[in-house]
Amino acid sequence: MYLLEMNHVKKAFDGQGVLRDISLSVKEGEIVSIIGPSGSGKSTLLRCATMLEEMDGGELNYLGEKAAWNGPDGKAIYAKGEKRKEIQKNYGLVFQNFHLFPHMTVLKNITDAPIHVQKRDKEEVYSEAMELLKKMGLEDKAEAYPCQLSGGQCQRVAIARALALNPRILFFDEPTSALDPELTGEVLKVIKSLADMHITMVIVTHEMAFAKDISDRIIFMADGVIVEEGTPEEVFSSSNERTQSFLGRYGEG
Amino acid sequence: MALTKILLQLAGGMWVSIQIFIVTLVFSLPLGLLVSFGRMSKNPVIRAIVKFYISVMRGTPLMLQLMVVYFGPYYLLGIKVGNGYRLWAAFIGFVINYAAYFAEIYRSGIQSMPVGQYEAAKLLGYTKPQTFFRIIFPQVVKRILPSVTNEVITLVKDTSLAFSISVLEMFAVAKALASSQTSLIPFVAAGLFYYVFNLIVAVGMEYIEKRMNYYQ
């Protein structure tokens with residue numbers, strides 16, 4: 001069974017087709033990178049997968065549970081209430097601009113949702129959060145506020161915050177696009193360490209070398225469709241003209 | 001009349017002014033939040049009604065509003081109100097007027113919040129009330145504090161308007177004393193009182209603003 005399954009997803013903004021019949025499935029433990037030029041619909045696809053954006057038509061399933069399906073008129077119908085909440089527990093999202101809560105300390109950013117949303121035991125949540133911070137190399141920043149951290153540190157906190165809810169799958173929406181090359185490195189290192197822990201990930205990124213290195217599968221999107229997908233080797237040595245012209249600009253990754 | 005006697009009488013008025021000040025803040029601050037929700041409601045009927053209420057409250061003199069609240073029950077409904085209603089009318093008039101101003105301040109703060117905060121909260125599974133009270137509102141408070149300070153300082157001086165419905169607050173007492181004593185001293189003392197009151201308010205608000213500076 002697929003962890004995530006998106007079928008024939010369509011989404012338009014003001015009549016402008018952004019996603020034109022996209023299908024994507026992700027297995028447990030798989031790491032999928034989505035690459036492509038700006039405006040190709042990569043981020044919109046993630047926003048549809050995480051239900052931040054509602055698709056116009058198509059199906060969205062998590063572990064076989066229907067999050068959205070096509071109604072008789074071809075329009076997507078979404079699961080409501082408790083059902084939707086249950087489905088939402090399956091995934092987490094790391095944003096390009098972190099979106100940490102500025103009025104909470106690093107530790108509180110990570111522990112607030114597990115304690116108040118999942119109603120888990122405080123002590124347990126705190127010790128788990130400290131473990132996560134250690135993994136992120138930020139154990140000395142627990143009591144700091146986000147404004148006191150660098151962009152790279154903020155993004156690592158955001159990753160820890162998403163992980164604290166124990167999602168089955170973690171989405172990354174251009175996690176390093178707001179960072180300079182030095183800070184990018186430290187965030188990519190953390191994401192790589194998650195890969196070693198076999199966490200299922202879908203990553204939208206412009207870091208070609210990173211995508212090539214970390215992914216089981218790469219999806220190349222352009223103009224709202226999937227142009228090509230396959231192993232990193234397949235995509236990076238593709239003979240497809242569109243893929244070549246895009247990757248050409250990155251040299252050989 | 002001795003100065004001490006003047007000051008003693010003024011002190012009585014001062015206490016009424018302080019009462020109006022406190023009651024207004026205690027009730028208009030939460031009511032204003034409720035009104036701002038109505039102002040931002042998805043329901044167009046609620047939104048229109050609240051918008052009208054705010055525009056009347058902001059578009060007509062507070063003194064006039066106090067008179068309507070005070071005389072309204074008798075002229076409009078024929079209900080005889082006792083003398084004790086004066087202060088209540090002042091409370092009601094001030095609360096509904098300031099709630100309108102505070103509502104607009106809340107709205108400006110709430111609408112200035114970046115959408116990313118809502119999206120992050122949604123992804124983490126917060127319910128809508130949790131999102132508002134745990135994430136949005138604490139940040140809104142910090143953002144609107146300078147505007148609230150402005151409003152609170154205006155309120156200190158506005159309490160003197162209760163004079164128009166014969167509530168014996170500070171200003172009414174000072175005016176009566178000034179004419180009976182043919183002296184300017186009661187006015188000077190009253191002015192000093194408002195000034196010191198506002199000084200305390202300003203220092204208090206500055207303290208709160210500093211305490212909110214634990215993050216940028």
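Guide: Welcome! This is a predicted model.

Visitor: Which sheet do they belong to, and in what order do its strands come?

Guide: The order is β7-β8-β9-β3-β10-β11 in chain A, an open sheet of 6 strands with mixed pairing.

Visitor: Why are β7 and β11 of chain A said to stand at the edges?

Guide: β7 (91-94) and β11 (225-230) each have a single partner strand, so one side of each has no neighbour in the sheet. On average, neighbouring strands here are turned by 15° against each other, direction ignored. Helix α1(A), residues 42-49, packs on this sheet and touches β3, β7, β8, β9 and β10 of chain A.

Visitor: How do you know whether Ile191(A) is buried or exposed?

Guide: Buried means under 20% relative accessible area. Ile191(A) has 0%, so it is buried. This residue lies in helix α6(A), residues 181-196. Leaving aside neighbours within four places in sequence, its contacts include Phe172(A), Met201(A) and Ile203(A).

Visitor: Now for chain B. Why is α2(B) called roughly perpendicular to α4(B)?

Guide: Helices α2(B), residues 44-59, and α4(B), residues 85-111, pack at an angle of about 115°, with their axes 9 Å apart. Angles of 65 to 115 degrees count as roughly perpendicular, and α2(B) is therefore described that way relative to α4(B). The crossing is left-handed.

Visitor: Which residues meet where α2(B) and α4(B) touch?

Guide: Among them are Tyr53(B), Ile54(B) and Met57(B) from α2(B), with Ile96(B), Ala99(B) and Tyr101(B) from α4(B). The residues of this contact divide into 8 nonpolar, 1 polar and 2 charged.

Visitor: What do the buried residues of α5(B) pack against?

Guide: They pack against α1, β7 and α5 of chain A, together with α6 of chain B. Gly116(B), Ala120(B) and Leu123(B) are among the buried residues of α5(B), which spans residues 115-123. After this helix comes Gly125(B), with a positive phi near 90°.

Notes: Residues are numbered from 1 along each chain as its sequence is written. Chains are lettered from A and ligands numbered from 1 in the order in which they are written. This is a predicted model: local features need pLDDT of at least 70, side-chain atom pairs count only at pLDDT 80 or more; totals for chains, interfaces and linings use all residues. Side-chain values use heavy atoms; hydrogens and water are left out. Two strands pair if DSSP finds at least two bridges between them. Helices (H or I, at least four residues) and strands (E, at least two) are DSSP runs, numbered from the N terminus. Axes are lines fitted to C-alpha atoms, for helices over the stretch in contact, and angles run from 0 to 180 degrees between N-to-C directions. Contact means heavy atoms within 4.5 Å. Buried means under 20% relative accessible area, exposed over 50%, partly exposed in between (1.4 Å probe, protein chains only). Angles under 35 degrees count as roughly parallel, over 145 as roughly antiparallel, 65 to 115 as roughly perpendicular and the rest as oblique. A crossing is left-handed if the near helix is turned anticlockwise from the far one by less than a right angle, and right-handed if clockwise. Ala, Val, Leu, Ile, Met, Phe, Trp, Tyr, Cys and Pro count as nonpolar, Asp, Glu, Lys and Arg as charged, and the others, Gly among them, as polar.
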